[in-house]
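Trainee: Could you walk me through reading a sheet and the things packed around it?

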Amino acid sequence: MKAAVILFPGSNRDRDVRMALAASTGRDPLVVWHKERDFPEVDLIVIPGGFSYGDYLRSGAMAAHSPVMREVASRTNKGVPVLGICNGFQILTETGLLPGALMPNASLKFVCRDVHLRVETSQSLFTNRYQAGQTIRAPVAHHAGNYFADDATLDALEEEGLVAFRYCTPDGVANEASNPNGSARNIAGIFNRTKTVLGLMPHPENAVDPLLGSADGNPLFDGLVEALS
Amino acid sequence: MSAAAEAPITPEIVESHGLTADEYRRVVEELGRAPNIVELGIYSAMWSEHCSYKSSKRWLKTLPTTGPQVISGPGENAGVVDIGDGLAAVFKIESHNHPSFIEPYQGAATGVGGILRDVFTMGARPVANMNALRFGGPDHPRTRHLVAGVVAGIGDYGNCVGVPTVGGECNFHPIYNGNILVNAMTVGVAPADRIFYAAAAGPGNPVVYVGSKTGRDGIHGATMASAEFDEGLEARRPTVQVGDPFTEKLLLEACLELMATDAIVAIQDMGAAGLTCSSVEMAAKGGLGIELDLDRVPVRESGMTAYEIMLSESQERMLMVLKPGREKTARAIFQKWELDCAVIGRVTETGRMVLKMGGEEVANLAVKPLVEAAPEYDRPWVETPPEPIIAAKDVTPPEDLARALTRLISSPDLASKRWIWEQYDHLVMADTAGRPGGDAAVVRVHGTSKGLAMTTDSTPRYCAADPRAGGRQAVAEAWRNLTAVGARPLALSDCLNFGSPERPEVMGQFVGCIQGMAEACRALDFPVVSGNVSFYNETDGRSIPPTPVVGGLGLIEDVARAVTPALKAAGEALILIGEAAGESGGWLGASLYLREIEGREEGAPPPVDLAVERRNGDFVRALVADGHLTACHDISDGGLLVAVAEMALAGNLGADIETAGAVPHAWLFGEDQGRYVITTGEPDTVLGLAARAGVPARRIGSTGGDALTVDGAHPISLAGLRDAHEGWLPAYMAVP
């Protein structure tokens, strides 16, 4: 599997996800600068975490208008899988490739901690190595991860099975206490209609080594390799 | 020269620049004439306490700064130590106290920005941030505002740059009501043979300015940091700089990219006193001159004077000397990152700093005296009178042990600081192996199986009672915290926070602390490789207690072997390594027990026997390396029972312990030094090894259950302890 990691000025978890991809695929992913529109064909595009363009207007808002995102949108339409993590998720909603928006956390503070996630479906490129209903652990680290969409959109996401992950307790209960940012219906990650785009706030790339706290992110990367190779 | 530059220098102008009449006379003597206002500004910045260390230099020289592991000691932007595999760790701790008190968010944020630049200026990629914070009493009306602002400022800056903030310390005491302390440390990693220094070389080489444009912010920051506070804080707000972490991130990447080429001769960040200090230092270190055309400096607004350009402390700027003809390389890289890059002058062999603007010469000074002729004071000092030793038997035992422990563990100094560190991204870069909350944070050296351990420590109440013992203790505790995770302590960076050096009592505290620190550094082979002095932390004549913060760095060969304080499994033995002085079983003078439970802030602090410290620590480190331990925690604030409670809370597992010694509450709460609590599944082996090594070790109990039980008495539930320990800070900060 050949992956590309998009690099914006202000991206800062690009190295983290490059390492995770390299460990799963056995080779270094391509790094694509935000001004590039013309980059080689790849099997997976990853938009990493960070503060693209400083996130000064609104998280992800400026990156959504970058040259590289026009290309990412056009490849998405052709079915190339895209994974957006944290700022990447924010950019995907700002670009309109995923529905809804990520608002400032309900606490109005940055939050960095391990959370538990319930895998809502194993029926996707990204989650095929998990069991539906399985609980995994990975960290969040964000200031604007409060997922919001109107009720109709949320209902549609649920009905079509497009909720990928929900914040939950260690034993899998999605409740207010386990919601780190105020997200609607505890949503931590969603797919687009074709399930070729996944956006999520937690960091699976920071959960690939038990030494650092968790290896529960590995199945996501390993599953992608299996599905896309 | 322009009319403004020709205006006569009056005694009032001299005074407003923080120079004494005598110092001004020396300036005139060096120059052979009166300076113009630009030159006066440059002299005042270079000769400020902040830049010249004029009151502290004499004493700083007595600190040990060498060792086989030291690649570069004090005097550069940061200290550099060898960590093997062709790599070096580059680190420094620095204060941003005065600005953070005036404007907590920007003050703290720019403190982080400044220390990050100190590290990446030397060619290192920053891999971790730490901090040490001291706030006033929780009841003081400004404290909440200051905590919220400082924490958000540190978090927002480091989070955006993408360097994990992995730990630190945070304490509260009314004595800091008028002067909070914000000390920030950055640790970076660089190839050992690719360290960049500040010394200019090669007359004719271009001097290049990169980064943000220069604005009118932060003018006179260095002078501000060299005076005490009085009324009119608001009026000083404009002296605080404004940070832009996004630009810092770009500057970091652009600098590292340029450093990977061979274009750079010398590089220096623009910190205190901005362009003045950076250009003077580069020229002085190279024994050369420098000529700058100030019209070429990228500025944020029009009409800036030479004086303003030279003294602005606008953030996220660097000055470098390039090899001839390499300007293009630099320009291409900085353009890619959309940062300014301008050739603003050249290195000369004249030994003079010549500044031009609008076709006129606006300053012409010999470089050497700016650095070398700075006054050096031997300030009068008086020794701090000793506090009486408080006998343990003279301290009332607690009426209710559970209540006493709960009160201690939920007191502002011991309460969990989770509310703070969850606002810091402590995981970005994917190498954080030991998270905040342990004795020392552990960050894996990227691409290797080694780990860097880091900690910040100081116990001001000990230093106030006995500066020399307190200085020893600060160094010993940092060394101990590194040891407790299994690391070999390499070196330290110190941030010396004191009141006005012009008062003999304060100077006496400074001298005492330095003496104690030097003794401990020597005994523990733990040299000082960088640091910073922050004097004048006083308001209306009331000084902070001596607060020498030690930022310690250690190395773990196999990061997977690092241990944490968390209890791991039921049925393991709890062993106390080290022993209390005397028969009472514990030292309660200057302890938190005495302060929080008895309301007494008095008594001599616990002595630090450096030979014992070293012996016990070396023994514990070997136990970790050999895999004998499952958990380890040093005993410090609050004593043994607090240490065991912290271990139990971290592991969510209870313990039963039995007291010893003539005075049980002294045994439980005494703060005797050089001690650790460890857990192991092989107690006989560990006790045998201890006996052979001549290290006092005693089994004090076992792990298990969901409560702490002391001498079989009523169990203290972990759930209740946790609520108290975790609850205080969030509840305090939730009050509007």
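Mentor: Start with a strand pair: strands are DSSP runs of E, at least two residues, numbered from the N terminus, and helices are runs of H or I, at least four. Two strands pair if DSSP finds at least two bridges between them. Here S17 (residues 488-497) and S21 (residues 547-556) of chain B run antiparallel, with nine bridges. Asn497(B), for one, has Thr547(B) as its bridge partner in S21(B). Keep in mind that this is a predicted model, where local features need pLDDT of at least 70, side-chain atom pairs count only at pLDDT 80 or more, and totals for chains, interfaces and linings use all residues. Residues are numbered from 1 along each chain as its sequence is written, chains are lettered from A and ligands numbered from 1 in the order in which they are written, and side-chain values use heavy atoms, leaving out hydrogens and water.

Trainee: In what order do the six strands of the open sheet in chain B lie?

Mentor: The order is S14-S15-S16-S21-S17-S18 (chain B), with mixed pairing. S14 (432-434) and S18 (528-534) of chain B each have a single partner strand, so one side of each lacks a neighbour in the sheet.

Trainee: Which helix packs on the sheet?

Mentor: Contact means heavy atoms within 4.5 Å. Helix H19 (residues 467-484) of chain B touches S16 (451-457), S17 and S21 of chain B.

Trainee: How many salt bridges cross the interface of chain B and chain A?

Mentor: Look for a side-chain nitrogen of Lys or Arg within 4 Å of a carboxyl oxygen of Asp or Glu. The rule finds six across that interface. Asp425(B) makes a salt bridge with Arg13(A), with 2.7 Å between the closest N and O atoms.

Note on methods
Axes fitted to C-alpha atoms, helices over the stretch in contact; angles between N-to-C directions.
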